[in-house]
Amino acid sequence: MVILVPELTFLTGLSSLQRSSRTVKEVMWEMLQSPQQHYQRLTSLLRRIRDSPEASQELERWGLHLDMDIHRTQGHILPTERINLRHRSFFPDEELSWHREATKEVPILAIPMNSWLLVYPKRLQQLAKDLVAAVRSTCGAMGMQVGLPTVQELWDDRIESYVKSIRSSLGSQDKVQLLLCIIPRNRDDLYGAIKKLCCVQTPVPSQVISAQSLMGHPGKIRSVVQKVLLQINCKLGGQLWGVDIPL
């Protein structure tokens, strides 16, 4: 038994309410700062310390002195790496992103997906149809062949319903290349149960999508589907891109 003293412990992570709000986006925005933004914020902090009598007195008491500029050193800019796809090569943009090319060009190796299982609750039936349509219309440009799935519709979204249906479907089919589950919202318990079943008990590549990420304008579902197809191709043993590695 581990007994924790409340006054000496701190709760970490975000609650489900915070995860569904703008908190996560705001935290990511604070973390993903450019080097110039980091520089500006640190120099601003140094100026605030200098202009604060209390902070200056505390530094003097400790015999400390802070320079008003960040230490500079000689650096090297490495050459940009060439990204290789099956039919073309290119250099990424300044943001080091090549998502656009990866979703419009044929990867080095694309695995056909002809036998896959789609599981979703009945109330998300239309969303599931839209997802399949988006997958079928998007896969061609990415060099993937995707057939129609075997559909398993659930009456509710309980964990037991998902696990029982998935286990039954996987046991009744010869070879399922991939299991794709749509869950109503981000639920760690449901996600964990699906992954445990597919990784430990009945091994099969799996992809779990939250219905929230598919709702909105048509362009949003297409963008999500492109990212999902890239993940699926990797999970099936495909190769998206490569770089030149000298001998």
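These legends describe close-up views of a predicted model. Local features need pLDDT of at least 70, side-chain atom pairs count only at pLDDT 80 or more, and totals for chains, interfaces and linings use all residues. Residues are numbered from 1 along each chain as its sequence is written, and side-chain values use heavy atoms, leaving out hydrogens and water.

**View 1. Four strands form an open sheet.** The order is β4-β3-β5-β6, and the pairing is parallel. Helices (H or I, at least four residues) and strands (E, at least two) are DSSP runs, numbered from the N terminus. Two strands pair if DSSP finds at least two bridges between them. Strands of a sheet pair through backbone hydrogen bonds, either parallel or antiparallel. β4 (150-154) and β6 (206-210) are the edge strands, each pairing on one side only. From one strand to the next, the twist averages 15 degrees.

**View 2. Helices α8 and α10 pack against β5 and β6.** Five bridges join these two parallel strands. Helix α8 (residues 188-201) lies across β5 and β6, at about 170 degrees to β6. α10 touches β5 and β6 too, and its direction makes about 165 degrees with that of β6. Axes are lines fitted to C-alpha atoms, for helices over the stretch in contact; angles run from 0 to 180 degrees between N-to-C directions. Contact means heavy atoms within 4.5 Å.

**View 3. L180 sits in the largest nonpolar core.** Such a core is a set of buried Ala, Val, Leu, Ile, Met, Phe, Trp, Tyr and Cys residues joined through side-chain atoms within 4.5 Å. Buried means under 20% relative accessible area, exposed over 50%, and partly exposed in between (1.4 Å probe, protein chains only). Of the 32 residues in this core, L180 and I182 touch the most other members. α10 gives the most, with seven residues. L180 stands opposite Q207 in β6. Beyond its neighbours within four places in sequence, L180 is in contact with residues including W116, L131 and I232.

**View 4. W98 and W241 form an edge-to-face aromatic pair.** Their centres are 5.4 Å apart, with 85 degrees between the planes. Rings of Phe, Tyr and Trp (its six-membered ring) pair if their centres lie within 6.5 Å; planes under 30 degrees apart count as stacked, over 60 as edge-to-face and the rest as tilted. The two residues are 143 residues apart in the chain. W241 is partly exposed, with a relative accessible area of 32%.
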